[in-house]
Amino acid sequence: MEQREIILKIKENFSKSEVKVFDEKQFSVFADKDDIVRILSFMQMIGFQQLAIISAVDWIDEKKFELVYNLFSYTHIQQVLVKTKIERDNPKIQSVMNLWEVAQMYERDVHEFFGIEFSGNDDMRPLILHNWKDKPPMRKDFDSLKYSNEIYGTFKKSEEV
Amino acid sequence: MLLTSTNEIKDNGMERILNFFRKKSLWMLHYCTGCGAVELPPTMTSRWDMERFGMGPMATPRQADLLLITGYLSVKSLKRVIYTYEQMQEPKWVIAFGSCPINGGIYYDSYSVINRLALYMPVDLSIEGCMPRPEAIIDGFTKLMKAIEKGEAVGYKKYRENYEWYKANQRNVLERTSAVLKEEA
Amino acid sequence: MSEILTFMGMEDQYKKYELFFGPNHPGMHGNFSYIITVEGHTIKKIDPDAGLLHRGFEKLVEQRLWMQNISLIPRICVPEPDINEAIYSIAVEKLMGVEVPERAQYIRTIILEMARIGAFLFGFGGIGGATGLYTASYWTFADRDYLLDLFEWLTGARIYHMFILPGGVRRDIPNGWLEKLSETVDYLQKRLYEYDRLIYNNPLIVKRLENLGPVTQEDAMKYGITGPNIRATGIKYDTRKAVPYAAYDKIDFEVPVQTAGDGLARAVQKREEFQVSLDIIKKAIQQMPEGSVRAKMPNPLKFRVPKGDVYVKLETAHGEHAYYIVSNGSDKPYRMAVRGGSFTAGLVYAQKALVGMRIEDVALWMATMDICPPDFDR
């Protein structure tokens, strides 16, 4: 399928979604939060086999988190970014681990770095960070330099160790 | 504060004779803690051939003499490195590679990488550079050998004598129970 | 008597142990750990423990200027660092709409392929190390050094080159460099036949690698296994062909595929791609056009990138390495997400694939799958 046909199909089934074309191999679909599982399973059905990455963007001024599901199709050679926005306080969204098993690990990753809850995904043990007590580090209001100076100390030349 | 510094401890007498033999056969622990480890295979293999200095890789910490901290250390790695260091038998030495273990290097503002390795374990020698070239690594090794012979590389004794100080620093990073940054009300 | 022995044997058989495979393990590739539950020698459950190499790149790039990040990001993937600069530069160029001069495209192609060959040589050595054939690692690391010497001549550094910048490359090629490169390529070509004799025709290696963790086509697509590993299952897909970048659309090359998808197919696939990379370099040297090597770019300190977001992926030796970059129009990136080439293979697919294998196959499986911890720990 050509990119145009895919976009038409998405528009047919999900009239509320917005499509933005980046170039001939890449476009993005902006969907509603409640539609996200439906639209992703639809994408999987029309031949987007690979879930490349799930990532999140912290739009702190809007008080929103944007989740980006990155799909790729080996049959159409198309990259699709399926995006949705959720509230920043008490962020929660449906898990897609039933569609792709790899989503489990990506959601665990996003949960660790942004603090987003995924309902349906139970294994949320910390994966990367050790004994983390502060707010999730990838949030925009987390000050990494201040944290580093506070806990690991700054370099003083006179101090002999 | 440290109870005793490196200048106050020195090997003497019988130790000096042992040190002469120790420096000729150093076994380094085969543990890649960071990106500097990518320069170790060239150092070990045919081109630079570390074995001509009597050094070789060793798989288990209990039989190794030399711990290489190859670059930055994340907090999670630090815990493993300390376990490993404490498993090693004395005499043991630590070499830190690159600028990251000295003052954080390029990761000075990272939330995950420690800034000064010397706060958590005794470092006998630092090799600067990002990353150190094999020549620099070999130069570092020969410097360490000289220091061992002179009885100056006594980090393990320093660790033993200032154990509480090091442990307190390690606990501060590894066993936190509260958040580091206070929430602004 | 024999009854007692069988009884004791049964007791023994059902004992489960937890084994920490890594981080301090000679078979481990980098600083990474699998917590394995074993019954006898057979793996029953596997739990990856990542994060030992976590540096927080995604946060660090948000704190630095667009141009400063060039010196930071090569450190994401250690065996093949150039790929990071290339992805970042291509993403910035796409967002800004900059045309890169043709000569710079060719230089980028050569650098990326050299880095790829270096990573393949590392991989060959890894297979040798995991099977106890240390000759292989001694040879490959020594040969890799010829490439590193060329890199040093060109860029001034052995590992982290920071040579590819948004808008082109840092400098033009020095005199005599291309001739030396051709010599090295010819030398590596000769050595490749030696590797065939040493590794790929070695009956011991072949026996160890055959039927080692076969990957099916469906699994490969579903689990996001990419690069040489997906081509080893028979899917003829290469990002360099399908979504061309640098000068790959101007250079003619064949994409080899294997069908079996097991350890041997993956290893042979890498050997074939090594040959392809050599061919690409040879063609790029022949076709190298004249001209400038850098497009005109604004002042690096006041560098701003227009609002937008882009996902750029490039082919590497261990899979597709990709960045998702978001800009809000300021002088620093707003968000950069890294998709490490072996994230899914090492953390998710391993949980499925390694069950039922024996302990000694884990290191070899990791070597053939090219699991690269720094790129998924970030």
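Predicted model: local features only at pLDDT ≥ 70, side-chain atom pairs only at ≥ 80, totals over all residues.
Helices, of at least four residues, and strands, of at least two, are DSSP runs numbered from the N terminus. Chain A has 4 helices and 7 strands. Starting at the N terminus, its elements come in the order α-β-β-α-β-β-β-β-α-β-α. The radius of gyration of chain A is 19 Å, while the globule rule gives 15 Å for 161 residues, so chain A is more spread out than a compact globule. Taken along the principal axes, the box filled by the C-alpha atoms of chain A is roughly 70 × 35 × 30 Å.

Next come some of the strands of chain A. Strand β1(A), residues 18-23, and strand β2(A), residues 26-30, pair in the antiparallel sense, with 5 bridges between them. The link from β1(A) to β2(A) is a hairpin through 2 residues. Chain C holds a sheet of its own. This open sheet has 3 strands in the order β1-β2-β3, with antiparallel pairing. Its edge strands are β1(C), residues 16-21, and β3(C), residues 42-49, and each of them pairs on one side only. From one strand to the next, the twist averages 20°. Strand β1(C) and strand β2(C), residues 33-39, run antiparallel and are joined by 6 bridges. In one of these pairings, Phe21(C) has Tyr34(C) of β2(C) as its bridge partner. As for where side chains point, in a regular strand they alternate between the two faces of the sheet.

Helix α7(C), residues 177-200, packs against helix α12(C), residues 263-287, at an angle of about 165°, and their axes are 10 Å apart. Angles over 145 degrees count as roughly antiparallel, and α7(C) and α12(C) are therefore roughly antiparallel to each other. Their crossing is left-handed. On the α7(C) side, the residues making the contact include Leu178(C), Leu181(C), Val185(C) and Leu188(C), and on the α12(C) side they include Val268(C), Phe274(C), Leu278(C) and Ile281(C). By class, this contact of α7(C) with α12(C) has 11 nonpolar, 3 polar and 2 charged residues.

Finally, the chains touch one another. Between chains B and C, 30 residues of chain B are in contact with 27 residues of chain C. On the chain B side, α2(B), residues 40-44, and α3(B), residues 75-87, each supply at least two residues. Of the elements there, α3(B) gives the most, with 4 residues. The side of chain B that touches chain C divides into 14 nonpolar, 10 polar and 6 charged residues. Between chains A and B, 19 residues of chain A are in contact with 23 residues of chain B. The side of chain A that touches chain B has 8 nonpolar, 5 polar and 6 charged residues.

Notes. Residues numbered from 1 in each chain as written. Chains lettered and ligands numbered in written order. Axes fitted to C-alpha atoms, helices over the stretch in contact; angles between N-to-C directions. Parallel < 35°, antiparallel > 145°, perpendicular 65-115°, else oblique. Left-handed = near helix turned anticlockwise from the far one by under 90°. Contact = placed C-beta atoms within 7 Å. Nonpolar A, V, L, I, M, F, W, Y, C, P; charged D, E, K, R; others polar. Pairing = 2+ DSSP bridges. Rg over C-alpha atoms; globule rule 2.2 N^0.38 Å.
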